[in-house]
Amino acid sequence: MARRELVQSLSLRWSALCSRLKVPLALQSRWWTLLETRYTEPQRHYHTLAHLNELYSCLEEFKEQIVDISAVELAIFFHDIIYNPRATGGKNE
């Protein structure tokens, strides 16, 4: 998937999630900007927007078994928002 399509797809998922959670538009936008900025940092090689998209593919596969889909989607978006490639000993976990 091209980067532009990836950003658009994830942005739409983010908007849908925020709408379900009744997050105000200004806050949705501010958080999306932060998410996109962090997941496109130049030092990232694995924890990227493509990684989020892969997790969403897994989510689709198991969606029927998940009780709180919004909680899982929030975890997908935020689980690697802070990432230091030089961290040792699982400090990014």
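Predicted model: local features only at pLDDT ≥ 70, side-chain atom pairs only at ≥ 80, totals over all residues.
Residues are numbered from 1 along each chain as its sequence is written, and side-chain values use heavy atoms, without hydrogens and water.

Figure 1. Helices are DSSP runs of H or I with at least four residues, numbered from the N terminus. Helix α3 covers residues 49-62, and its end C-alpha atoms are 20 Å apart. Leu49, His51, Leu52, Asn53, Tyr56 and Leu59 are the buried residues of α3; buried denotes under 20% relative accessible area, exposed over 50%, and partly exposed the range in between (1.4 Å probe, protein chains only). These buried residues pack against α1 (3-20), α2 (25-39) and α4 (69-78), a contact being heavy atoms within 4.5 Å. At the start of α3, a side-chain oxygen of Thr48 comes to within 3.3 Å of the backbone nitrogen of Ala50.

Figure 2. Rings of Phe, Tyr and Trp (its six-membered ring) pair if their centres lie within 6.5 Å; planes under 30 degrees apart are stacked, over 60 edge-to-face, and the rest tilted. By this rule there are five aromatic pairs. Trp14 and Phe78 form an edge-to-face pair, because their ring centres are 5.8 Å apart and their planes stand at 65°. This pair joins Trp14 in helix α1 to Phe78 in helix α4, 64 residues apart. Trp14 is buried at 4% relative accessibility, while Phe78 is partly exposed at 27%. Trp32 and Phe77 are also edge-to-face, at 6.4 Å centre to centre and 85° between the planes. Trp32 belongs to helix α2 and Phe77 to helix α4, so the pair ties together parts 45 residues apart in sequence. Both Trp32 and Phe77 are buried. One aromatic cluster is formed by Trp14, Trp31, Trp32, Tyr56, Phe77 and Phe78.

**Figure 3. The largest nonpolar core.** A nonpolar core is a set of buried Ala, Val, Leu, Ile, Met, Phe, Trp, Tyr and Cys residues joined through side-chain atoms within 4.5 Å. The largest has 16 residues, and those with the most contacts inside it are Leu10, Trp14, Trp32, Leu35, Leu49, Leu52 and Phe77. Each of α1, α2, α3 and α4 supplies at least two residues of this core, and the largest share, six residues, comes from α1. Leaving aside residues up to four places away in sequence, Trp14 touches Gln28, Trp31, Trp32, Leu35, Leu74, Phe77 and Phe78.

**Figure 4. The surroundings of Thr37.** Thr37 lies in helix α2 and is partly exposed, at 45% relative accessibility. The side chain of Thr37 reaches the backbone oxygen of Thr33 at 2.7 Å. Thr37 and Ile81 are 44 residues apart in sequence, with their C-alpha atoms 9.4 Å apart in space.

Figure 5. Phi of Lys22 is near 60°, a positive value in a residue other than glycine. Most residues other than glycine have a negative phi.

Key. Expected span 1.5 Å × (residues − 1). Polar contact = N/O pair within 3.5 Å; in protein donor to acceptor, adjacent residues only side chain to side chain.
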